[in-house]
Amino acid sequence: MEIKAKLKDGIVSVKAMAKHPMLTYDVAAKQGLEANFITHMTATVNNKVVLDMSTSQFLSKNPIVKFTFKGAAVGDKIVMTWVDLKGDTETSESIIK
Amino acid sequence: MERRKFLSFGALVAAAAFAPVSLSAEDYRKIKPDAWKAHTVEDAIAKLYGSNTLIAEGVKITAPDVAANGGAVPVDIQSDISAKSVAVFQTSNPESAVCVFTINENMVIDYSIKMKLKQSGTITVVIEGIDGKLYSGSKNINVALGGCEG
């Protein structure tokens, strides 16, 4: 997962991209595969939740999410985790610049 | 232990390891599973929030009028409403729900996502205010090349 987090005027803007095929039920059926997509994504800074997103199959492949929050400083660590339909999970972290 | 059972046991352990995060995070797929199976926006909103009474104000949606590639249509959502959650729906795909954000006091409602749209349709964003009311906005998008086949 690629994460870029930047503080400006007290607000942190984050751009994150998760690497995931986001295979819908329709496409999976056509290709004889099992559907699989990210179902939940979270981000935390200093143990505070700053992104809490339940997702469906209709986010794009390798979904990009941009979000904003307050109450963090330059140098704080942002930790992001996603989990998919099969239960696979990935956690990445980055430092707020 | 059978391999299958062993693997699912592993998944449980993994879930337990992430429990501190999920304690303060809400998974709407687990809380409201029916909302994700609904085929119309009205039905999905009713299943998610228990109401269909929408106030059409306070939600800004920015998206292209014509999307060349339905596989990744950029949609920006902004609002100043003090909210509990933000939900995104559309009429272009077999099911309506795209995602639900849970909002807390640290968060600013300024999101950008990229979504798949199989055909032209309407995106509806519903914001659940802390006052319990549902605010909404919508935007029509024409899709030149559908995005569910890729």
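**Buried area.** I looked up the area first: chain A and chain B bury about 3000 Å² between them in this predicted model, 54% of it on carbon and sulfur atoms. I took buried area as the accessible area (1.4 Å probe) that two parts lose on being put together, summed over both. I noted that A:Asp52, A:Ser54 and A:Phe58 supply 23% of the area that chain A buries against chain B, more than any other three residues.

**Ground rules.** I number residues from 1 along each chain as its sequence is written, and chains are lettered from A and ligands numbered from 1 in the order in which they are written. Because the model is predicted, local features need pLDDT of at least 70 and side-chain atom pairs count only at pLDDT 80 or more, while totals for chains, interfaces and linings use all residues; side-chain values use heavy atoms, with hydrogens and water left out.

**Residues in contact.** I found 35 residues from chain A and 36 residues from chain B in the contact, where contact means heavy atoms within 4.5 Å.

**Polar contacts.** I have 19 residue pairs in polar contact between chain A and chain B, both residues at pLDDT 80 or more. A polar contact is a pair of N or O atoms within 3.5 Å; within protein, one must be able to donate a hydrogen and the other to accept it, and residues adjacent in sequence count only if both atoms are side-chain atoms.

**Elements on the chain A side.** Helix H1 (25-31) and strands E3 (38-45), E4 (48-55), E5 (64-70) and E7 (89-95) of chain A each supply at least two residues of the side that touches chain B. I use DSSP runs, numbered from the N terminus: helices (H or I) of at least four residues, strands (E) of at least two. E4(A) gives the most to that side of chain A, with 8 residues.

**Salt bridges.** I counted 6 salt bridges over all chains, each a side-chain nitrogen of Lys or Arg within 4 Å of a carboxyl oxygen of Asp or Glu. Across the interface of chain A and chain B the rule finds 1. There the side chains of A:Asp26 and B:Lys118 meet at 3.3 Å, N to O. A:Asp26 is in helix H1 of chain A, and B:Lys118 is in the loop between E7 and strand E8 (121-129) of chain B.
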